[in-house]
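Welcome! Have the sequence and the 3D view ready, and try each task before reading on.

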Amino acid sequence: VVLDQTAFFPEGGGQPGDTGVLGQAQVLDTHEKNGEVVHETDRPLAVGEKVKGVLDWEKRFDNMQGHSGEHILTGLIHKTFGFDNVGFHMGKEEITIDFNGTMTMEQLKELEIKANQVVHENVPFVITCPSQEELETMEYRSKKELTGEVRIVTIPEVDVCACCGTHVERSGEVGLIKVLGMIHYKGGVRISMLCG
């Protein structure tokens, strides 16, 4: 199902797509295809029908917590070591982040403590879409070269990153940030973590 407007987030950037309800249809997954959000449903809807969408808020908020917590930890790692996030996946059991450099578990544990201090400070997540001129003078993280409108997520003193994902309003909503482990992976490290 394709709608003229939607609040459902399509899978992208390592974050799963939203689920929920459109009218009487269950939304099983959400993807982007040819610039449109496609809602995979358990039944068809009539063309031209006006429907009310209801997100599976528990899943959405869990994704918001995880994605926002990842930004906090990744921002601190980038700020401390200069490493880039070169891979990100939000799974049902854990979040994994790949970096292009190595650190010790002791260093990671110190950053986990700092990340939870950021949560405790309840700082705002600031979402902006700067002009092309502003972008040219900004320092921000991005996994790829971007064109057109660029959405920037800023956590003051922690991270500035181009991101299309869903986030909490303030860091306190992330809840606990817990590092589960770290392995060496493709010349860098893969960190597994949970938030909430």
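## Exercise 1: An exposed lysine

Lys144 is exposed, with a relative accessible area of 61%; exposed means over 50%, buried under 20%, and partly exposed in between (1.4 Å probe, protein chains only). A word on the ground rules: this is a predicted model, where local features need pLDDT of at least 70 and side-chain atom pairs count only at pLDDT 80 or more, while totals for chains, interfaces and linings use all residues. Residues are numbered from 1 along each chain as its sequence is written, and side-chain values use heavy atoms, with hydrogens and water left out.

Task: find where Lys144 sits among the helices and strands.

Solution. 
- Step 1. Helices (H or I, at least four residues) and strands (E, at least two) are DSSP runs, numbered from the N terminus.
- Step 2. Look across to Val86: 58 residues separate Lys144 from Val86 in sequence, yet their C-alpha atoms are 9.8 Å apart.

## Exercise 2: The largest pocket

Task: describe the largest pocket by its volume and its lining.

Solution. 
- Step 1. The largest pocket holds about 850 Å³ of space. On a 1 Å grid over the protein atoms alone, a pocket is an open set of points where a 1.4 Å probe fits, with protein on both sides within 12 Å along at least five of seven lines; lining residues have an atom within 4 Å of a point. The volume is the space filled by probe spheres set on the points, which are joined across faces, edges and corners.
- Step 2. There are 29 lining residues, and the closest to the centre are Lys144, Ala162, Cys163, Cys164 and Gly165.
- Step 3. Helix H1 (57–81), strand S5 (85–90) and strand S9 (159–162) each give two or more residues to this lining, with the largest share, 4 residues, coming from H1.

## Exercise 3: Two rings

Why does the pair Phe81 and Phe83 count as stacked?

Solution. 
- Step 1. Rings of Phe, Tyr and Trp (its six-membered ring) pair if their centres lie within 6.5 Å; planes under 30 degrees apart count as stacked, over 60 as edge-to-face and the rest as tilted.
- Step 2. The structure holds 2 aromatic pairs. In the pair of Phe81 and Phe83, the ring centres are 5.2 Å apart and the planes meet at 15°, so the pair is stacked.
- Step 3. Phe81 is partly exposed at 27% relative accessible area, whereas Phe83 is buried at 14%.

How values were computed: Nonpolar A, V, L, I, M, F, W, Y, C, P; charged D, E, K, R; others polar.
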